[in-house]
Amino acid sequence: MKNIIFFGPPGAGKGTQAKKISEYLNISHLSTGDILRKKLLDKDDLANELKSIMSSGNLVSDEILNSIVALRLKTEIYNGFILDGYPRTLAQSVFLNNFFTENSISINFIFNIQINFEILKERILKRSSEESREDDNIDVIETRYNEYLNSTEKVSNFYKENNHSVFYEIDGSQQIEEITKKIKKILKKS
Ligand code: AMP
């Protein structure tokens, strides 16, 4: 069984790689961004609140995220899973660690996909025309990137220090297939 976390700034290719690896290992891909975007379709009060937060590039509250993740992970703990976009804050990582301890599971692999901001900007703008995501425009990109630097990077650094043996840095500027190949090699080796 494999429990995996993907870290990296928005646009680094986490989602693409997480999807490919989830198909390769036949485990669930839990993208909190995708789960939240689906929720927006409900068009209720919560959806309206989420929409204004997400379209500005800010983070949704830990409370909402933790309950979404706990609910989804409960059905996956016997199969293994990939977390993509979570945890993004220290409070989320504390919640996740408690969840792991309570359910006697652990993290087997953490992939941190790194890429510089100029390449990110180009990629996100390309994705914006392909997927028409409201948060993929130049004004919002900087807010999302700053959320990453101010919050999520601290979380990945924390995991890097405390889970060093399962933490792998991945160069996100390479071609998609090259990156997938590297990740699969690490999965096979360990
Ligand atoms: P993503 O597709 O992962 O880039 O997520 C899109 C947006 O969903 C983010 O900019 C946040 O507004 C929200 N979001 C996704 N995951 C989280 C999380 N773990 N914590 C807070 N907000 C999140």
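Against which helices do the buried residues of α3 pack? In this predicted model, where local features need pLDDT of at least 70, side-chain atom pairs count only at pLDDT 80 or more, while totals for chains, interfaces and linings use all residues. Residues are numbered from 1 along each chain as its sequence is written, and side-chain values use heavy atoms, with hydrogens and water left out.

Helices here are DSSP runs (H or I, at least four residues), numbered from the N terminus. The buried residues of α3 are Ala47, Leu50, Ile53 and Met54. They lie on the same side of α3, because they cover an arc of only 130° around the axis, the arc being that of the directions from the helix axis to the C-beta atoms. Buried means under 20% relative accessible area, exposed over 50%, and partly exposed in between (1.4 Å probe, protein chains only). To return to the opening question, the buried residues of α3 pack against α2 (32-40) and α4 (62-74), where contact means heavy atoms within 4.5 Å. After α3 comes Gly57, with a positive phi near 90°.

Attention now turns to charged side chains. The structure holds 8 salt bridges, each defined as a side-chain nitrogen of Lys or Arg within 4 Å of a carboxyl oxygen of Asp or Glu. One of them joins Arg37 to Asp34 (2.8 Å, N to O). Both residues belong to helix α2 and sit 3 residues apart, about one turn of the helix. An α-helix has 3.6 residues a turn, so residues three or four places apart point the same way. Arg37 counts as partly exposed because its relative accessibility is 25%, and Asp34 is likewise partly exposed, at 37%.

A helical pair is also found in α6 (residues 117-131), where Lys126 and Glu130 are 4 residues apart and thus separated by about one helical turn. Their side chains meet in a salt bridge (3.2 Å, N to O), and both residues are exposed. Elsewhere, salt bridges that share partners join Lys39, Asp42 and Asp44 into one network. Lys39 is partly exposed at 23% relative accessibility, as is Asp44 at 31%.

Technical notes. Helix = DSSP H or I, 4+ residues; strand = E, 2+ residues; numbered from the N terminus.
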